[in-house]
Amino acid sequence: MGVAILAPDPEPDPPMLRRRAWLRSNFLPYALISPSVAVIGGILAFPLGMLVWLSLQHYGLRELIAHQGRWVGLDNYRSILVDPLFHQVIVRSLLFTFACVVLTLVLSTLLSLLLLKVRRVVRVLVMSALVFVWATPVIVSVDIWQWMFDYEFGVMNYLLTQLHVGNFIHHNWFDNPVQGLGVLVLVVVWGAIPFVTITLFAGLLQVPSDVIDAAQVDGAGAWQRFWFVTAPILKPIFLIVICLSTIWDFGVFNQIYVMLNARPSSDYFTIAIYSYRESFGVTQYGLGASIAVVMVIVLVFVTFFYVRETVKVAEIA
Amino acid sequence: MNLRKTWFSVVPIAVALVAAACGGSTPSSTNPADETGTLTVWLMNGSAPKSVVDGVNADFKVKYPNVTVNVEIQQWGDIGTKLDTAYAGSSPPDVVELGNTLVAKYAAAGALEDISGKKSSFANSSTWLQSLTDSCTVTKKLYCVPYYAGSRAIIYRKDFFTAAGVTPPDSLDGLLTVGQKLMTAHSSDPNFSALYYPGKYWYAALPFVWWQGTLSSSNSQQGLTTLDNLVTKLSRADKTGDEAKQDQAFAQGHIAMIIANGWEVGVITSATGGDPSLADKLGAFPIPSHVAGQTAPVFLGGSDLGVAAKSKHQNLANDWIAMLTGSKHMTEMATVGGVIPNTTSMLGLGTGLNSVFFNAAKNSKFVPNSENWANVENANVLPDMLVKIFTGQQKVPDATAAASTRITSILNGGG
């Protein structure tokens, strides 16, 4: 049996090969990642760096007009950390975020499970409604919520009175801050449900039905099937959704600001409102920036656990 | 080299250069018809009637045919933020109407042109209302032109008063009595307010605070307690709301009295959003004092007109302001717009209902003229205090003490 032997190609110059290989292994990855780094640097790192820089300066209206701040080191941080109002704001923001995230998660999970069970027509209708809610600009929808909870002409007071829940004529939803924040949680959760529901529903479609069936054959009840079969499979999606909801709800601004006619009282200050009030309300941009930096730090702490879990899940996958 | 030839050629060039140099600068100061560009003017919502603005622009067009004037109407709600941003930029609006409590902040920060040297070029500058002139004066320099003033009185429904058999009161006790009679007369109407008072309406609270002394003084606290009592017994307005919609609410027919500016009569009786049929049914009387027969000092609100320090058309801007604040258009502001004109020489223009408001201006006060006062307003210190009192979250002494501390801190440059 004859073997055809092809003449080898002329040998390239070995040092040149090595250089090319070196370049490819050392330079190419950086070249490939550099556009992303440039974009991320431009849209994230630069503003964040500017924010930190601003938080270390006294930057009032005079400085704003002159485009020249005065360096004060950590003074802004010192003054907010001793401000009792700031402590209240942090606690309020965390509780508000917790309430919003838990409610959003529970309601969205229930809705997405419901979507699996209903007929196709109903599913299309519910999905359309969800997308409609999602597509409505926040300002518009919050304005409508504001009308609904209006003190004098609000449909909510009218309905509750007609339904004999109580006498809600001239009921002011916002004179008691706990109740007012409850209404705001409702508005925020309402706006957050579509994204979370649709995401979870997409995840649920990936759960293999034979695993569920097997669990059912083995005698697992509905709750057990969800908790021991569906939930673990959905864990990565839950983690992402919790992480995003926490970030969004912790930084909530529009709903509170618009609902309270752009003049929220200090009982309704969340950290974003407080930062805005200090920056633009009393023209202390440096102070406002330092609050925003603290907000970022708190968020990093709060979401650290979820991000770590997400990374773990990704590594296992 | 032919010296003579050189000489002849140099002279025309020199002449041409001189002519060119003059040509570049003289027309701007001598011939208004050669001025070009766009003048941006920010006026506040509800300040000058459209007819007045159109009149000023028409006069301006005659003098400066090649200059375009853009008058943009701004809303009071978020004006502080908008002004900060505008003045920080490189091309802020040339002319800005500033609430009289805002001027000190922007003047001190260097946002406004010092017009001390141009004062005499404005009409009636020797008889400008003192309080408005004071609001324009920062460290003895003039930074704006007084525009108009507004003072509050009580607008009431004459027909409701007649039906309930009451007349305008001349003391705070009388106000409560009259209000309670009106409430009784309309007891079948669950939406009726004898005195409609939205909780965040801090301008209207000042006459009660200004009995004597400062916010935390016992007299002021007594004044606020009286106000709280009036609001509790006579008002069904939103205790956390503001006064933005009180005129529309008044026009609905379930309100007997509101504390309002003179120009609000026009809003109440306008065909859009108001009720024109109320025109003959409205009366006005000054806010009574706790001392029978006297009136309470009111807050003299108002607006000034400033030119941006960074404006590229300062002369045009000042000329536009001079036209708006000239006698011709100021008269229209008082008669058509119903506002108190910027000069004492025109206070006689207030007739009928307007005269009540014009007279109220004579017993008026102003908030501290500090560069940081605007921050007190933007931080909502006083509205917050009132809401806490009216909703029962805080007692008057606690609420005033907290507000007083906060105001002092902000006035001293803190947050």
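**Close-up views of chain B**

**View 1. Pairing of strands β3 and β12 in chain B of the predicted model.** Strand β3 (residues 95-99) of chain B and strand β12 (residues 301-307) of chain B run antiparallel and are joined by 5 bridges. Within β12(B), B:Asp304 is the bridge partner of B:Leu98.

**View 2. The open sheet of chain B.** The sheet consists of 6 strands with mixed pairing, in the order β2-β1-β3-β12-β6-β13 (chain B). At its edges lie β2 (67-74) and β13 of chain B, each of which pairs on one side only.

**View 3. The two domains of chain B.** Domain 1 comprises residues 37-150 + 300-365, and domain 2 comprises residues 153-296 + 379-411. The C-alpha centres of domain 1 and domain 2 of chain B are 29 Å apart.

**View 4. Contacts between domain 1 and domain 2 of chain B.** In chain B, 14 residues of domain 1 are in contact with 13 residues of domain 2. Helix α14 (residues 353-360) of chain B supplies 6 residues, the largest share of the side of domain 1 that touches domain 2. That side of domain 1 of chain B has 5 nonpolar, 8 polar and 1 charged residues.

**View 5. Surroundings of helix α14 of chain B.** The buried residues of α14(B) include B:Asn354, B:Val356, B:Phe357, B:Phe358 and B:Ala360. The strands of chain B against which the buried residues of α14(B) pack are β7 (152-157), β9 (255-261), β10 (282-285), β11 (298-299), β13 (340-341) and β14 (364-365).

Terms used:
Residues numbered from 1 in each chain as written. Chains lettered and ligands numbered in written order. Predicted model: local features only at pLDDT ≥ 70, side-chain atom pairs only at ≥ 80, totals over all residues. Domains from an automatic or database assignment. Contact = placed C-beta atoms within 7 Å. Helix = DSSP H or I, 4+ residues; strand = E, 2+ residues; numbered from the N terminus. Nonpolar A, V, L, I, M, F, W, Y, C, P; charged D, E, K, R; others polar. Buried ≥ 20, exposed ≤ 12 C-beta atoms within 10 Å, placed from the backbone. Pairing = 2+ DSSP bridges.
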